[in-house]
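This report describes selected features of a two-chain model.

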Amino acid sequence: MDRRYFLGTLGALAAYPSIGSATSLNKAEIVVVGGGYGGATAAKYLRLFSNYTAKVTLIEPNAQFVSCPLSNLVVGGSRSIGDLTSSYANLKSRHGVKVVKDYVASIDRDKKTLKLASGSTVKFDKLILSPGVSMMTDKIEGLASANQSGATIQAWKAGADTVALHQQLAAMEDGGVFAISIPLAPYRCPPGPYERACQVASYFKKYKPKSKILILDANQDIVSKPALFKKAWAEEYPGMIEYRPQFNVTEVDGKTKTIKFEVQEDIKADVLNILPPMRAGDIAVNAGIANANGRWAEVNFLNFESTSAKDIHVLGDSIQIAPLMPKSGHMANSHAKVAAAAIISELNGWDINPAPVLTNTCYSFIDSQKVVHVASVHQYNSAEKTFKTVPGSGGLSPEPSILEGLYAWGWARNIWADSLG
Amino acid sequence: MNLNKYPFLLASVILSLSIVFFNVSVMAQTKSAQELYQRGLAATCANCHGTDGKGQENATMPKINQLTSEQILTQLKAFKSGARTGTIMPQLAKGYTDEQMQTIADYLGKKQ
């Protein structure tokens, strides 16, 4: 045996630990699609958890992040959309994420490439999809044309529509009716519609006290914080809010502002906020990974990898949820950290954490200051391969409070910084 | 030295080196993987308290990175047992095992 051969053997042995580990992580092109609570957090934490060695690209069509949580305060007029808007600049400058302002038009799963709306092609080794929800507008007859004419606005993705909905309320005469319809769960932000009713009521109480609010809910009962919302409506806004369960909207006429239902008589309103059923974001559906009823993406909860596509991970509102797991910004941020850690482990050749933990906190504003919350802790259950809430943990506020209003803003500032800063 | 004349010596050298490198590698990976596990668990606090417990100046939540590990663990246990009241924390603390709390406190606590 000559010396060169011997040293070669040594070299091979020395190289052994890094085979499929650091090399893979350093070389892997990781692409995140969608810069909301899930995607932005994933991009940042992939960099943090890899000690700034992973190559991460974030593709997001909007120039700025606008928070859906707290956006009902804009609908009610007590806050501006600017209060909820953050920049993607820190993801680039502080964390070295390559941020691309573009829209992913299609995914080639075999070639592992993305086609962008601008025409360029992006390769990936690992893809993280966090596209939020899409509205199933076609499930309600007339809704598409009513949206187009401006007769209806969903404002279920914060931004220009949120401001436009407030403007419709501001233009409405005192004594008018605001109607909000709620689809069958699951949908994005379970307490959101009920909080919106509170915010509109808060605005009406101050500026248009003769006006009414109709909540037309396809569900059997209030989906989140039912007792707290019912109490708040009765005490803070007596006679102003009417809640009607099991009202399933089938059709809307934008010209006459009429809502039609599966069972009940037609209802007319002045400002219509018709929320149709929701599904995973378009890119997830078009890529064929929304394999739960064609609506949501099933994932392996240890790493959030799609059960139908290797190396494609899905986060946030687009996934088929575990029991009692809400579709919320806080939960999407939690998903992102578990997925980021698992992807870094996998690319390093390490075992994936077999016992990940998720938390959730949802604050709802009853008026412009007082808040109620729901909180939960979700531990991975290896026997059932899903997340389950821990018995005895989590819970609700006993009553609305200004203190929790302060915490809600503290939560917002910290989670925005945790996701983007 | 012509090692071809000593096949058993060569084999034992290679085996020993394998074990040494493998163990060093496993130990390094174990340490890094363990640290990642700790960071991941501690990151479940970051949604409300800021990344690594470093909250924003204008946020109302306590800046937990300014506490020692011992102080964090004491507070977490007090929230879990009900000795300390609060809004969200008593509810969330009950969702963690004592071992998980120890891991979080060790990772986030202010280093002396």
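Lys385(A) sits in the loop between strand 23 and strand 24 (386-389) of chain A. The model is a predicted one, and in it the phi of Lys385(A) is near 50°, a positive value in a residue other than glycine. Lys385(A) counts as exposed because it has 11 C-beta neighbours inside 10 Å, where the limit for an exposed residue is 12 or fewer.

Phe304(A) also has a positive phi, near 60°, and is likewise a residue other than glycine. Its place is the loop between strand 19 (299-300) and strand 20 (305-306) of chain A. Is Phe304(A) buried or exposed? Phe304(A) is buried, because 27 other C-beta atoms lie within 10 Å and the threshold for burial is 20 or more.

## Two prolines in chain A

The peptide bond that leads from Ala185(A) to Pro186(A) is cis, and its omega is near 5°. Pro186(A) belongs to the loop between strand 11 (177-182) and helix 8 (192-207) of chain A.

Pro209(A) is in the loop between helix 8 and strand 12 (212-217) of chain A. Pro209(A) counts as exposed, because it has 12 C-beta neighbours inside 10 Å. Between Pro209(A) and Leu396(A) there are 187 residues of separation along the chain, and their C-alpha atoms are 30 Å apart.

## A three-stranded sheet in chain A

An open sheet of chain A is formed by three strands in the order 14-15-16, with antiparallel pairing. Strand 14 (249-253) and strand 16 (267-268) of chain A are at the edges; each has a single partner strand, so one side of each has no neighbour in the sheet. Strands of a sheet pair through backbone hydrogen bonds, in either a parallel or an antiparallel sense.

Four bridges join strand 14 of chain A to strand 15 of chain A in the antiparallel sense. In this pairing Val252(A) is opposite Ile259(A) of strand 15 of chain A. The hairpin of strand 14 and strand 15 of chain A has four residues between the strands, and Lys257(A) in this hairpin adopts a positive phi near 55°.

Strand 15 (residues 258-261) of chain A also pairs with strand 16 of chain A, in the antiparallel sense and over two bridges. Which residues of strand 16 of chain A stand opposite Thr258(A) and Ile259(A)? Thr258(A) faces Lys268(A), and Ile259(A) faces Ile267(A). Strand 15 and strand 16 of chain A form a hairpin with five residues between them.

## Chain B and its helix pair

Chain B has five helices and zero strands, and its elements run α-α-α-α-α from the N terminus on. Of its 112 residues, 34% count as buried. Among the contacts in chain B with a separation of 6 or more, 54% are between residues 24 or more positions apart.

Helix 3 (residues 69-81) and helix 5 (residues 98-108) of chain B pack at an angle of about 145°, and their axes are 8 Å apart. The crossing of helix 3 of chain B with helix 5 of chain B is right-handed. Helix 3 of chain B contributes Ser69(B), Ile72(B), Leu73(B), Leu76(B) and Lys77(B), which meet Met101(B), Gln102(B), Ala105(B), Asp106(B) and Leu108(B) of helix 5 of chain B. By class, the residues of this contact are six nonpolar, two polar and two charged.

## The interface of chains A and B

The contact between the chains involves 45 residues of chain A and 37 residues of chain B. On the side of chain A that touches chain B, at least two residues come from each of helix 1 (3-15), helix 3 (37-49), helix 11 (329-348), strand 22 (357-365), strand 23 (371-381) and helix 12 (402-420) of chain A.

Which element of chain A supplies the largest share of the side that touches chain B? That element is helix 12 of chain A, with twelve residues. The side of chain A that touches chain B divides into 24 nonpolar, 16 polar and five charged residues.

Definitions and conventions: Residues numbered from 1 in each chain as written. Chains lettered and ligands numbered in written order. Predicted model: local features only at pLDDT ≥ 70, side-chain atom pairs only at ≥ 80, totals over all residues. Contact = placed C-beta atoms within 7 Å. Nonpolar A, V, L, I, M, F, W, Y, C, P; charged D, E, K, R; others polar. Pairing = 2+ DSSP bridges. Axes fitted to C-alpha atoms, helices over the stretch in contact; angles between N-to-C directions. Left-handed = near helix turned anticlockwise from the far one by under 90°.
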